[in-house]
Amino acid sequence: MIKLRTIHSFFICISLLACENNEETYSSPIADNIHYKVDGRSVCSGSPEQIELDIDNDGNLDYLTFTVLHADQDGDHLYFGIKPIANNMIKSSLPNENYYLDMGFIQSEEYLDLINCELKNDQIWTSGRNTLVLRHTESECSIWYEGSLQYETEEIVAIKLSKLEATHYGWLRFKFDKESECVTLIDYAYNLDPEAPIKAGQKD
């Protein structure tokens, strides 16, 4: 517990400093300056193909999906997750030493909630690998799920895109299908104005 509390305190301090350093405070996202795109690509268990996402079309990879099957004494654990590339980040829960590579779970946003530097309790902005959905197959063959996509609903996750040394807030929308074991990136958007917030699901 001491380790997790220390990590939590560290990230909260960094987040507060980042908010304090913003020169302007936006009361609402700026309309007509949102980059929005429909995607539709899927990543499925057992496939080596992953979703490579260049959000701002600058030729550089910004986010990469991954699937990992990890086995232990309790059974098999199939992870679907996202790895931010370079200085990009995603909103997640705290690292958890009970999971593979200490990964936390990516946090979902309520539709039209404001995405900015602010965080709720037990949330961090992170550049590490984190889990969207986790399928457990236990030794007695029972199957259960964890993560924001476990109920097969469409979920929106918050991102911080680093572009020309500036921060741009955005979102990615995913859906998970248990039968096919595929995660689909439905669409995504980010605010073209540096440091300006965006609403979860905002398209224009």
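Trainee: Why is C44 called partly exposed?

Mentor: Its relative accessible area is 23%. Buried means under 20%, exposed over 50%, and partly exposed in between, with a 1.4 Å probe and protein chains only. The value 23% falls in between, so C44 is partly exposed. Remember that this is a predicted model: local features need pLDDT of at least 70, side-chain atom pairs count only at pLDDT 80 or more, and totals for chains, interfaces and linings use all residues. Residues are numbered from 1 along each chain as its sequence is written, and side-chain values use heavy atoms, with hydrogens and water left out.

Trainee: Is C182 buried or exposed, and what makes it so?

Mentor: C182 has a relative accessible area of 12%. That is under 20%, so C182 is buried.

Trainee: And C141, buried or exposed?

Mentor: C141 comes out at 62%. That is over 50%, so C141 is exposed.

Trainee: How do you know that C44 and C182 form a disulfide?

Mentor: The test is a pair of cysteine sulfur atoms within 2.5 Å. In C44 and C182 the sulfur atoms are 1.8 Å apart, so the pair passes. A search of the whole structure finds one disulfide. The angle about the S-S bond is 105 degrees, and the link of C44 and C182 is right-handed.

Trainee: Which parts of the chain does the pair link?

Mentor: Distant ones. C44 is in strand β2 (residues 42–44) and C182 is in strand β14, 138 residues apart. Strands here are DSSP runs of E, at least two residues; helices are runs of H or I, at least four; both are numbered from the N terminus. By that count the protein has one helix and 15 strands.

Trainee: What does E181 touch?

Mentor: Contact means heavy atoms within 4.5 Å. Leaving out residues up to four places away in sequence, E181 touches V43, C44, S45, L78, F80, R135 and F176. E181 sits in the loop between β13 and β14.

Trainee: Is E181 buried or exposed?

Mentor: Its relative accessible area is 15%, which is under 20%, so E181 is buried. At 83%, E165 is over 50%, so E165 counts as exposed.

Trainee: How many bridges link β5 and β10?

Mentor: Eight bridges, in the antiparallel sense. Y79 has L134 of β10 as its bridge partner.

Trainee: Why are β3 and β11 called edge strands?

Mentor: Five strands form an open sheet in the order β3-β4-β5-β10-β11, with antiparallel pairing. β3 (52–53) and β11 (143–146) each have a single partner strand, so one side of each is left without a neighbour in the sheet.

Trainee: What makes β5 largely enclosed?

Mentor: Eight of the 10 residues of β5 are buried, so the rest of the structure largely encloses this strand.

Trainee: What makes a group of residues a nonpolar core?

Mentor: A core is a set of buried Ala, Val, Leu, Ile, Met, Phe, Trp, Tyr and Cys residues joined through side-chain atoms within 4.5 Å. The largest one has 24 residues; I55, I82, L132, L172, F174 and V183 have the most contacts inside it. β5 (75–84), β10 (130–138), β12 (155–163), β13 (166–177) and β14 (182–191) each give two or more residues to this core. β14 gives the largest share, four residues. Apart from this core lies another, of 11 residues, among them I34, I115, W125 and I198.

Trainee: Which residues is I55 in contact with?

Mentor: Setting aside neighbours within four places in sequence, I55 meets H35, D62, Y63, I159, L161, L172, Y188 and Y190.

Technical notes. Two strands pair if DSSP finds at least two bridges between them.
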